[in-house]
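I am opening a notebook page on a structure that is new to me. My plan is to look up how its parts are arranged, beginning with the relation between the chains.

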Number of protein chains: 2
Amino acid sequence: MYITQGLKNAMQMNGSRVATVDGTRRYTWSELGSRISKLAGAFKNLGLSERGRVAILALNSDCYLQYYYAVPWAGAIMVPLNIRLSPPELIFMLNDSETEILLVDDTFVGMLADFEGKLESVKEIIHITDQEKPADGTHHFEKILNAADAIPDAASDSDDVAGLFYTGGTTGLPKGVMLTNHNLVFNNLNTLMMFDYSSDSVYLHAAPMFHAADICSTGSITMVQGLHVFMPRFEPEAMLKVFEAEKVTHTLIVPTMINMTVNHPLIRNYDLSHLQKIIYGASPMPEEVIRKAMVEIPHCTFNQAYGMTELSPLATILPSKFHTLDGPNSKIKSAGRAIPSIEVKIVDEDGREVPRGVVGEVIVKGDNVMKGYWKRPEETANAIREGWMHSQDAGYMDEDGFVYISDRLKDMIISGGENIYSVEIENVIYQHPAVASCAVVGIPDEQWGEVVHAIVVLKEGSNAEEKEIIDFCTGKLGGFKIPRNVEFRGEPLPLSGAGKILKNKLREPFWKGREKRIH
Amino acid sequence: MYITQGLKNAMQMNGSRVATVDGTRRYTWSELGSRISKLAGAFKNLGLSERGRVAILALNSDCYLQYYYAVPWAGAIMVPLNIRLSPPELIFMLNDSETEILLVDDTFVGMLADFEGKLESVKEIIHITDQEKPADGTHHFEKILNAADAIPDAASDSDDVAGLFYTGGTTGLPKGVMLTNHNLVFNNLNTLMMFDYSSDSVYLHAAPMFHAADICSTGSITMVQGLHVFMPRFEPEAMLKVFEAEKVTHTLIVPTMINMTVNHPLIRNYDLSHLQKIIYGASPMPEEVIRKAMVEIPHCTFNQAYGMTELSPLATILPSKFHTLDGPNSKIKSAGRAIPSIEVKIVDEDGREVPRGVVGEVIVKGDNVMKGYWKRPEETANAIREGWMHSQDAGYMDEDGFVYISDRLKDMIISGGENIYSVEIENVIYQHPAVASCAVVGIPDEQWGEVVHAIVVLKEGSNAEEKEIIDFCTGKLGGFKIPRNVEFRGEPLPLSGAGKILKNKLREPFWKGREKRIH
């Protein structure tokens, strides 16, 4: 199994059919395939080495899809960057991955100034732009593509790494998750099967395309020769417009986006009759939101999914049949159950399976388990034991095999579908000269699910305001990671016997009377 | 991916639901799992070695399914034997595979006398029987199962060989096709996806369970926790009865069986309203048969599939949407197109892809390609080149990627869904002392698609009757391979420049005005 094979089948079977719609721009599968084989040629012309890394920092577009296929077509490894990160975080990833070529679009080209002199391996930068002239020192995407000769597909091996997908880490440093061709295509097959994609499917890339959740459908829509539709970034009314204009049948968005959409005052002005399925995951879905969604788009079915980048990313799915608010089949509070050919177990600290209903760690085995963390053999060995990926999520399983995620073992906050590791933020706050100790926790928020809350104890005799701490973080961290509130405490933070800050204790008062249901 | 994983998921999710129906006998997934883990224990008690071979010669039953899972559960390799073969053919396979344990049922237990003294590696024989006492020198299936302790699943590696599936060979000797756990489960995922299996599916094992075509669904029905229903062997009215009694939704049968069923005088006495899909393949489907089938069971959809044991077995499928007799979508004469994540190409003798519409050899690449032929490295290297399985079938591809099988490069006859290699039969006929030369070809037959026709030239001064040649073959070959007719010729058989018998010349008069459309 390899990524470009799906594209080649699409060219073989449906060459003259429209493959992508980006605003007014449309390409058939033949045109798309031709552009991809030339873009791969352009990468090679720029000196891309065998298995070299090619990163992208861009909003959603058909160019992003061309990048997604051109990198493996050239026999190289993709590094799709999180668009919400700060320059220092991105610089770390570009250097850690030893990226050779970087693609940026108009939205992010301004960031190149911040990168200046700090990139250790990037040799060439490609500017994706509708302007005639690219930014100084960069190549024009369209021009180098058109100037290049098509090259033959590298037809990678199944076990070749296809991409590095950076995730935050409990150690504070982001880690590159190595997903192979096999991992990604296997996940595409599962997506295709569980979401009933067919050649009649019209999929809207509304969630950011760098994210594994959207990548599920990137491959599978191609494999069935459905239609890819792009919007640069999520915005509720813009999405409603595209739903109507392109007769969108499927999309994947996070609960925050569903909430903003179904509560949009103009939702009933749009024809949503073609919508068949909305897939969501990555963060908690409040019951009132899903209830409202099922009222506003009654003919649409919903699927909840659970996974993580390390799992390519899908592990469990809640089929529509069980996605009901009431009735004997209702399992809506669960994250679903194992996808066929994937195994899920709940185990105790010694790795023994616990009885049904008892909380333990969720572990997963299957062809979706990543190859490992890039250049992090120890962390890989810790995460994958005897083939089982240890999710660090706590949950239980009911008698019917449905999984309920109850909390995280790892110290993570999910805000608007983004994973945020507290330690990354704490590391920055600790750099402030006035800070003696600090702890970052997630607290409940109607719109975002959770938001970042920092609790700080100042050094004796030192002084700092909330705004000062927030400003200190800005630019060092992606905007979504900046603490929403900073709370100062006079007394020391509560510690465990081993001297670790007791986060549960700190979180407790904020979550009183609420369920911290997370998946 | 490994075979037993699907079973473990079924036990995890649907333990108390009925899994199998065999006559009046029903087992839940928990009971089935428990029996399988004990049967695996029984195999080990009998001395089965690591990766040892366990063969079965039996009609369809729930015990066959238990065998299918217990062998990999014990970390061993299955060898499901073709029930239509003669003792010498079966002895060859048992010895070639170095089988340690053989299972036989009441139908075949009498054949053990023929095996006496000729099995080189079989140490233990298990008799599947409802009788109290097993045949002499054999173990009683039910009793050794009940006496054994359950053992833990061996949880094989993806690339471990799961089974040896014998096919006839152009060299005259059957070859054991090595299919790995990955091959079989990957094929199950494809089957599941293309045939829309769900937990509501009720699948009837009507085609013989040793055959790769039925094995498609064996794994996938378990993976979705549908219901397995068994009938010992195909018989049209018995099948109609089971369709009604068990509310069967899916089955896979060969065209000959569809023909016998839809033309059965009592078909309208049975309630077939639950039938959703009939899958067929393995031999040509006459248009009048499929037309009649679509009239008799109008609510049922049909899928045609093309493959071969070496492809685990599925390569292409004709979706129901294109399975129409008329209209713009009609592709009913094609064998379908490549399944997602499998590649199909038509190439010339030098391996270059030919233009659409031009006949060449059908070659296939994907995770469904066998590991190789057991102990036949040369034949493996010849069949699989750069990852592409060379089917030896001739065909062409249309503009939409649909494949049309036009003839075989290899000298093969398909009769009632069974592959028959002419050379095997010729080898036997040549042993008759009166035969100077002979050629075996397939000639058209309304019921079986093709039947075996032998053309014989006798030695000067020798004499033989048709019956004598047929009797000579009986016992040496499976019944379906015995020539239906023997034609004697006075003149020498037509030869090519290289001295090879020109089979096409011999076949021609029989096929005049007919299309030899085969898949």
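**Symmetry.** I laid chain A on chain B and found an RMSD of 0.1 Å, reached by a turn of 180 degrees and a shift of 0.1 Å along the axis; the superposition is by least squares on the C-alpha atoms of residues with pLDDT of at least 70 in both copies. The two copies are thus related as by a two-fold rotation axis. Looking in chain A for the C-alpha nearest that axis, I came to Met193(A), 2.8 Å from it.

**Conventions.** I note that this is a predicted model, in which local features need pLDDT of at least 70 and side-chain atom pairs count only at pLDDT 80 or more, while totals for chains, interfaces and linings use all residues. Residues are numbered from 1 along each chain as its sequence is written, and chains are lettered from A and ligands numbered from 1 in the order in which they are written.

**Interface.** I next looked up where the chains touch, taking two residues as in contact if their C-beta atoms, placed from the backbone, lie within 7 Å. On this basis 21 residues of chain A are in contact with 21 residues of chain B. The elements of chain A that give two or more residues to this side are α1 (3–14), α7 (181–194) and β16 (337–338), where helices (H or I, at least four residues) and strands (E, at least two) are DSSP runs, numbered from the N terminus. The largest share, six residues, comes from α1(A). By kind, I find ten nonpolar, six polar and five charged residues on the side of chain A that touches chain B, with Ala, Val, Leu, Ile, Met, Phe, Trp, Tyr, Cys and Pro counted as nonpolar, Asp, Glu, Lys and Arg as charged, and the others, Gly among them, as polar. Since 100% of the interface residues of chain A are also interface residues in chain B, the copies meet through the same surface.

**A sheet in chain A.** I then turned to an open sheet of three strands in the order β25-β26-β27 (chain A), with mixed pairing; two strands pair if DSSP finds at least two bridges between them. β25 (435–445) and β27 (485–488) of chain A are the edge strands with a single partner strand each, so one side of each is left without a neighbour in the sheet. Neighbouring strands are turned by 25 degrees against each other on average, direction ignored. β25(A) pairs with β26 (residues 449–458) of chain A in the antiparallel sense over ten bridges, and I noted Ile443(A) opposite Val451(A) in β26(A). Helix α13 (residues 422–430) of chain A packs on the sheet, touching β25 and β26 of chain A, and its direction makes about 145 degrees with that of β25(A); axes are lines fitted to C-alpha atoms, for helices over the stretch in contact, and angles run from 0 to 180 degrees between N-to-C directions. Helix α15 (residues 503–511) of chain A also lies across β25 and β26 of chain A, running at about 40 degrees to β25(A).

**A helix pair.** Lastly I looked at helix α10 (residues 255–262) and helix α11 (residues 287–296) of chain A, whose axes come within 9 Å and cross at roughly 50 degrees. The contact includes Pro255(A) and Ile258(A) of α10(A), and Val289(A) and Ala293(A) of α11(A). Its residues divide into five nonpolar, one polar and two charged.
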